[in-house]
Amino acid sequence: MLLVKVVGLGFLAAVALFAALPLIRTDNWWGLAIVLAVTALAFYIYLSPRPVPLKYLLPGTLFLIVFQVLPVVYTVSTAFTNFSDGHRGTKEQAITAIEGASVKQVPDSTIYTLTLATDGDAATGDIVFLLADPTTQDSFVGTADGLEDLGDGSFEAASPGGKITAADDYTVLTVPEINARQDDITAFSVPTDDGAIKSQGLSAAFEGAPQQSYDEGCDCITDATTGNVWTADDSEGSFVSKDGTQRNLAQGWKVGVGFDNFARVFTNDTIRGSFLRIVVWNFAFAIATVAITFALGLLVAIALNNPLMRGRTIYRSLIILPYAMPGIAMYLVWREMFNKDFGLINRLLHTDLNWFGSTASSMFAILLIQLWLGYNYMFLVITGALQSIPSDLVEAAGVDGAKPFYAFRTITFPLLLVALAPLLITSFAFNFNNFSAIFLTSKGGPFPPDNPSAGSTDLLITYTYRLAFGGSGADYGFAAAVSVLIFLIVAAVSIVSFRRTQALEEIN
Amino acid sequence: MRTRARTFRAAGAVLAASLVLAACGGGSDDDTSSSGDGGDTPSASGGDLLIWVGDGPGGDATTEIGKAFGEENGVNVKVEVLPGAELQANFVTAAQAGDPPDVVMGAHDWIGNLVQNGTIDPIQIPETVSSTIQPLAMEAVTFDGQTYGMPYTMNNIVLIRNTDLAPDAPATVEDMVAAGKKAVQSGKAEAPLAWPVSDTGNPYFINPLYTSGGGYMFGQGADGSFDPSDLGVGTPGSVTAYEKISALGEKGEGVLKRSVNTDNAIALFTDGKTPFLVEGPWQLTTIDDSKINYEVSPVPGFAGLKPASPFITVDAAYVASGGKNKTLAQEFVTNYWSRADIGAQLFEATKNVPANKDTLAQIEGDNPAVAAVSKAGAENGQIMPSIPQMAAVWDPLGKAEAAVIGGADPKSTIDSAAKAIQAAMKE
């Protein structure tokens, strides 16, 4: 026992160390503090003899926080931001990106042949650029102070005006040495009248200047060539054109937007127009999926529960087999089977039906696929539940003169429901958000010709996916807001259902 | 475009994964600003050039090329081959978390999104290098007047013709439909042609017909950059184009069908059931295996209308803004990855059209089909727009295409698509 404890805590310490190193490297002190606190807590609980219940609760609680609470908290907090492509980082990062992306080669400047070197020791000396101008065949040394001529005879070059291979006062760096000094090289540039000389790879350097630069005074970005000005808008997280003639700069930053994302759900015209219809189908889809898979699973389970039936094991294995196949692949196979011209189903039935082309047939096809993919699971759990119902109850009913169906309806089925109701509710919650069932089959279609954004078999989740990720990049803030709304719907339905289940248990 | 198709297919996974990833990255969000001042110790990853490449035929070749580069320079090069459909999202997430690779390989239409997220650096390609790359490929990696990547392969769709069923390359769509129907009537084929449409449409594949009829995606400025305020969908030209497409659809000639998609079109052709297939060079290996006699020619346009332009997509190598070994990354991307012999090595693996002119000249003789793809692209090809707004176009326009081919009214359908695109771009 002691050995288990020692090994376990040793392992924990190793994991904590493993987690702490990158946190230290990125100066993430809050993260480090949390790691330390959790590790210390674990050591205290498992080494002290007193808090016994905590010894059992701690692992579960930690996993609950990490895998359940944190994602929910993060999703909810994201819903109140504009987090999306183009608005991912901080304002400083956006400014760096804007300035960096606008560095252009100074017109008519030369591209030098570069040799990276240091003034003094390779590991500690100041970085210098040994530059050769291939056109004029002049050679220079570039330092943080500027450009200077290299004296004739003080250096060696591959050819006149070619790459400098050695210089008297400087140490030429090897590639591994360059890599070791990478941060210094990235930060280094040689100032010139028009901009600065930056390195580009191992053997080229160019004179560049940022076209767009940030001015803290006006909190704005100015383009040197065109004179356009973009002012920072901290409520939107974008640099907005001052005179309104230009588009916002593409690189923005993440800001809180309050309830804007939620407001968008309720004020957007296309969303408002199709929301109710989608919600209705979403409920119908989830309820119907649970109902038909449960019904078929129940029938098959009862049939295969009869001891008079032969070869039950084989049937059971065959039925469970599809459940073992990856659902995603099965959806794609079924989609192809429903293909109008090449699909198995039309060929077998000698029909010419475009299954995903009309609302009714598309819904039918989807539910059929759901039935095939889902009844095995229901069969599995119902078989288990049936076998746990004591057979003497039904036998006693038979002795009292009850017909088999009456006995099933009044005894077996209610007992089954008590056991399975929570499963049915979770199955409903799962299917309410069954993204792949729609996206891999009908993709939400058919779509009315006049509205490509809301299809007749769209679920809230597929519809949201299209809205949040179909624009100019991914819009996580908006997606999170809709996720929160869907969560509220599913939670409300589940809570009410679970209450009902408890009532069911009390009756029995 | 394969990547696009896969993107949609794996979309569910991406959605889940990106939310989870975002959640994982969340803990340190507040701290990234304070760590931006370069607290990283250079030794932590010094000496390792990290390259991310999508899985696919080029992945293994990249691993070898990376190894050779490392040996040449005395450094370690690590190439990670990742799922292509999620590569862009994963790269942006990693960059945001402050831990991106040094180099990433990806399609040129990623550039808009990568730039708006501040994840890649412009690179200065010397004239001596850029002059060895095909001009259209260089144009593809140019965004807002800056060059962002080093192109290595380029692709465009072409017409692949079963020469036993249709001996001559059709000059117009009308010729092609007539030849296709003749092959069906003679009992030698089952379908006049296989042109991927699918239930939700595929604007990439229909672009030759769309442009031939007078449509365009986004207007281009004098310097070739795309103008998001000039949307081509909804213009009279786009409506004319879709009227012509509608005539080929299920209620018209019946040669364009929603039941044909990228999954079954290739099978139709390799089974010898159709004389014409519209596909990209990435299918050539499969077709070679099927022993069908085929030839490659440009996708034809409508008689008497504009030329049919297939989209040109380019794969390129990018230097990550937040990479830890920038000098080596720049060196690898600008000077090594662009070499003709590297291009040849990649060609052997991918069979995509090389972006390097010398490589192309080298392989043309032995690969007439690839040469024909390249020629078709160079003649009428059009760079697929790389502005982020393009993401708003694909879905609505595709659905409009499917609806029109299914028999819906072209004008009102395209107008609705234009409205949906405008709405999506605004948000």
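User: How many bridges join strand β7 of chain B to β11(B)?

Analyst: This is a predicted model. Strand β7 of chain B covers residues 158–162 and runs antiparallel to β11(B). Across this pairing, Arg161(B) stands opposite Glu295(B). The number of bridges that join β7 to β11(B) is four.

User: Which strands of chain B stand at the edges of the open sheet, each with a single partner strand?

Analyst: The open sheet has three strands in the order β10-β7-β11, with antiparallel pairing. A strand at an edge has a single partner, so one side of it is left without a neighbour in the sheet. The twist from one strand to the next averages 25 degrees. The edge strands are β10 (276–279) and β11 (294–297) of chain B.

User: Which residues does Ile421(B) touch, not counting residues up to four places away in sequence?

Analyst: Leaving out residues up to four places away in sequence, Ile421(B) touches Leu231(B), Val233(B), Ala392(B), Val393(B), Pro396(B) and Leu397(B).

User: How far apart do the C-alpha centres of domain 2 and domain 3 of chain A lie?

Analyst: Chain A is divided into domain 1 (1–44), domain 2 (105–210) and domain 3 (269–507). The C-alpha centres of domain 2 and domain 3 of chain A lie apart by 67 Å.

User: Which element supplies the largest share of the side of domain 1 of chain B that touches domain 2 of chain B?

Analyst: The contact takes 20 residues from domain 1 and 18 residues from domain 2 of chain B. On the domain 1 side, α5 (111–116) and α16 (368–380) of chain B each supply at least two residues. The largest share is seven residues, and it comes from α16(B).

User: Which helix gives the largest share of the side of chain A that touches chain B?

Analyst: The contact takes 68 residues from chain A and 76 residues from chain B. By class, the chain A side has 28 nonpolar, 28 polar and 12 charged residues. The largest share, six residues, comes from helix α4 (residues 91–101) of chain A.

Notes. Residues numbered from 1 in each chain as written. Chains lettered and ligands numbered in written order. Predicted model: local features only at pLDDT ≥ 70, side-chain atom pairs only at ≥ 80, totals over all residues. Contact = placed C-beta atoms within 7 Å. Pairing = 2+ DSSP bridges. Axes fitted to C-alpha atoms, helices over the stretch in contact; angles between N-to-C directions. Domains from an automatic or database assignment. Nonpolar A, V, L, I, M, F, W, Y, C, P; charged D, E, K, R; others polar.
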